[in-house]
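Me: I'm new to this one. Could you walk me through it?

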Amino acid sequence: MAAQFEYDESGGTSLYFLVSFYALVLFPVTYYLWPSKQRKDDPEKLKSQCQCDPCEEKRDRLQAKKPTQKLRHALKWIFLAGAWVLFIYLAFKASQVERDHIEYDPYDILELDRGASVAEIKRKYRLLTKTKHPDKGGDPVEFIKIAKAYAALTNDESRENWEKYGNPDGPTATSFGIALPAWIVDQNNSILVLGIYGLAFMVILPIAVGTWWYRSIRYSAVEVLLETSQLYLWFINKTPCLNLKRALMILSASCEFDQRHNTEIVIRPSDDEELPPLMREFDSESGKKSKERPFIFPYSRKARILLYAHLARTDLPSDTLEFDKRYIVSKCPQLIQEMVNTASQLVTLKNYGRVAKEPRLESIEFIMRQSPMLIQACWDKSPLQQLPHFTEDTLRKKRHIKTLAQFAKMKDVDRRNILRHLHEKQYQDVINVLKTLPKLEADVELEVLADEDKKTITAGSLVTATVTLRRGTFQVQEQESNGAVEAIEEAKETQEDDKTDSPHTHKPKTHVWEKHRKKKGKSGGGGAKHKPNKKAAAKKAAAAKAASGKGAKDSPQHNGKETANHISNDTKGAVQEIVPSKGDSGDSGSESEQEDTSKHSASEDNRSSDGGEQEEEEEDEWERLQSGITRKEKVLEGSSKVSHEVHAPYYPEVKQEWWWIYLADRKTHHIITPPQMVYDLVDEKDVELKFPAPRKGRYQYQLCVRSDCYLDVDYIKTVKVDVQEAKKMEETHPQWDISDDEEKEEEGDSDVSDYTTDDEGSDEE
């Protein structure tokens with residue numbers, strides 16, 4: 001039985017295919033293009049935004065570059081509505097198409113129920129003949145179907161074929177429908193169809209794939225040209241001791257600034273008139289005497305001059321040089337990140353003996369320092385210029401204030417006196433920006449995960465440094481005197497209310513366990529063997545805090561006393577205490593009660609010390625396992641690149657806070673771990689740094705966390721590493737060490753055949 005292929009003549013099956021394929025494309029496109037609701041800016045965020053002229057200009061420029069949000073949403077809605085209307089129309093047309101294959105049923109043709117008798121079939125046939133016969137005005141095609149159905153139900157052979165094969169004529173060829181219209185395989189349209197196939201699969205597809213491949217092989221993982229990466233590799237290897245100006249010179253020679261490699265670079269005729277004055281101003285700093293290639297090329301000199309003009313915040317023509325400067329500066333953070341990666345590769349190659357010298361630690365840090373300088377448009381010697389409304393002459397009279405931390409710790413009166421030339425709104429801009437600047441803290445834990453004793457570091461082992469980064473902000477002291485006076489008045493009101501509610505001051509009751517804890521703290525602990533449980537201590541501290549809060553409600557005089565003491569400590573002697581101290585009435589009970597309770601609790605501590613140590617070890621192990629699982633889950637989830645928006649009015653784009661983190665040895669000027677970029681430090685972040693342990697001895701490494709967007713906010717912490725001697729490997733494995741007794745037993749067993757049974761051995765005896 002042969003197979004028969006049929007093309008779609010009516011267009012039904014091809015319409016089904018078109019609707020299915022259209023749905024596969026429409027649903028994902030709708031998901032990605034569905035317009036999102038416009039998020040309204042937080043009023044507090046808008047209130048705290050910097051209102052300086054550069055920030056306002058940047059916001060207006062970014063808003064002008066983008067199309068209006070309403071127009072974009074309207075276009076998306078129109079496109080999606082049209083696409084869905086077309087899909088509904090095609091689906092409706094496909095549902096109206098008649099089925100090509102209909103099951104042959106003679107009873108249906110004769111309008112009879114299944115199981116009708118032969119007499120009923122003949123009677124029905126005679127009635128249909130009177131009306132459907134061609135001689136009576138009927139349709140010949142319909143009458144042929146009626147006659148064929150009558151024969152299928154009355155003729156034994158036709159009935160048997162219909163019951164077996166579904167056709168009175170017997171088995172027929174199997175037909176397969178192809179969801180393509182018949183005109184595609186029509187001989188008259190063969191040239192047109194072949195031309196379309198050849199254009200699509202032999203011209204358009206190879207060009208698209210080739211273009212994508214050619215572009216992809218030109219760039220590295222961070223979307224930097226490979227020619228630029230090779231240039232960085234050559235010059236950093238050539239000069240391992242880089243200074244800041246040399247690093248800027250290498251950065252300006254990047255191929256992204258050359259029109260031969262980047263078509264977005266424009267050579268303007270006005271450069272011949274506008275660049276020479278800038279060259280005379282900055283050539284002495286930018287390295288005019290250098291004769292190296294490509295530093296002497298025009299594109300490199302132009303990029304270098306524009307970078308120096310950006311650092312000096314020089315006004316440039318907006319339509320020409322200012323436009324070029326913004327493009328160059330926007331590319332710099334990405335290029336600097338590639339420079340750091342290249343320097344790290346040279347360190348790795350030096351460890352494997354591939355290169356003679358590795359870049360020094362100071363060279364890598366000079367490369368990193370370029371990024372915050374260019375984002376904030378100031379040199380590293382003047383970090384206070386990152387604040388709005390600051391110029392070089394602002395703090396000329398106060399030269400001892402050189403860092404952001406010193407400026408934040410100043411009293412509000414002194415700070416306002418220095419900035420007395422600013423209006424109140426301008427001064428508030430300075431305070432708002434100062435409050436948003438990051439301040440980091442970090443904890444480091446060294447472990448050897450591959451060994452059973454994870455805390456002991458041996459020579460040659462792989463050490464994992466788990467760094468917990470915590471981001472805070474600068475604590476700015478503002479309006480101290482007003483805040484202290486308000487706090488004093490509030491404390492006075494609280495005391496008066498409490499006195500009216502309960503005139504008699506009473507002594508809060510001290511519980512037995514509180515007495516024991518206090519005496520234990522005074523005496524120095526409960527023995528050398530007892531180790532404090534961190535979790536239990538935290539729970540007890542929380543319970544004591546809650547109890548103290550409750551006791552404070554019961555004892556208004558004590559509460560007022562603590563409030564007054566707190567105010568006096570914060571104001572540093574500026575305000576006197578409200579309530580004089582009369583002794584620690586609620587701290588402890590009588591001495592006799594303390595002695596009795598201490599004896600009773602000491603015996604309990606001795607009994608539970610061993611079990612407490614074991615429980616503590618189990619809890620620590622469980623926490624370590626849970627922390628490992630959490631780290632793996634975070635790695636699998638991936639990291640976003642959204643953290644905190646940077647205040648950078650002179651940087652042309654919106655920038656997020658990123659951080660480099662690494663371990664370094666300042667004594668040897670070497671970097672221990674390659675710098676790792678942290679993109680998503682919002683509040684807290686765990687980072688793992690791995691390095692091989694050096695030889696036996698004690699080392700002092702520095703944990704360095706450097707910002708790529710702010711100056712004077714870097715975090716450096718000393719990490720002490722105590723490396724023990726490596727464990728000696730046993731010459732013989734314990735499983736392979738066979739004693740003399742075991743050898744004798746094996747010799748005795750060898751005399752007995754492997755095929756000898758116990759019964760045969762007993763018979764021989």
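Reply: Helices here are DSSP runs of H or I with at least four residues, strands are runs of E with at least two, and both are numbered from the N terminus. It's a predicted model, where local features need pLDDT of at least 70, side-chain atom pairs count only at pLDDT 80 or more, and totals for chains, interfaces and linings use all residues. Residues are numbered from 1 along each chain as its sequence is written, and side-chain values use heavy atoms, leaving out hydrogens and water.

Me: At roughly what angle do the axes of H13 and H14 cross?
Reply: Axes are lines fitted to C-alpha atoms, for helices over the stretch in contact, with angles from 0 to 180 degrees between N-to-C directions. H13 (residues 298-311) and H14 (residues 321-351) have axes coming within 10 Å. That makes the pair roughly perpendicular (65 to 115 degrees), and the crossing is at roughly 90 degrees.

Me: Which residues in H14 does H13 meet?
Reply: Contact means heavy atoms within 4.5 Å. From H13 come Lys302, Ala303, Leu306, Leu307 and His310. In H14 they meet Leu321, Asp324, Lys325, Ile328, Val329 and Cys332.

Me: Are H10 and H11 roughly parallel or antiparallel to each other?
Reply: H10 (residues 226-238) and H11 (residues 244-252) have axes 10 Å apart and pack at about 155 degrees. Leu231, Tyr232 and Phe235 in H10 meet Arg246, Ile250 and Leu251 in H11. Angles over 145 degrees count as roughly antiparallel, so H10 and H11 are roughly antiparallel.

Me: How far apart are the end C-alpha atoms of residues 191-214?
Reply: This stretch is 100% helix and 0% strand. Its end C-alpha atoms are apart by 33 Å.

Definitions and conventions. Angles under 35 degrees count as roughly parallel, over 145 as roughly antiparallel, 65 to 115 as roughly perpendicular and the rest as oblique.
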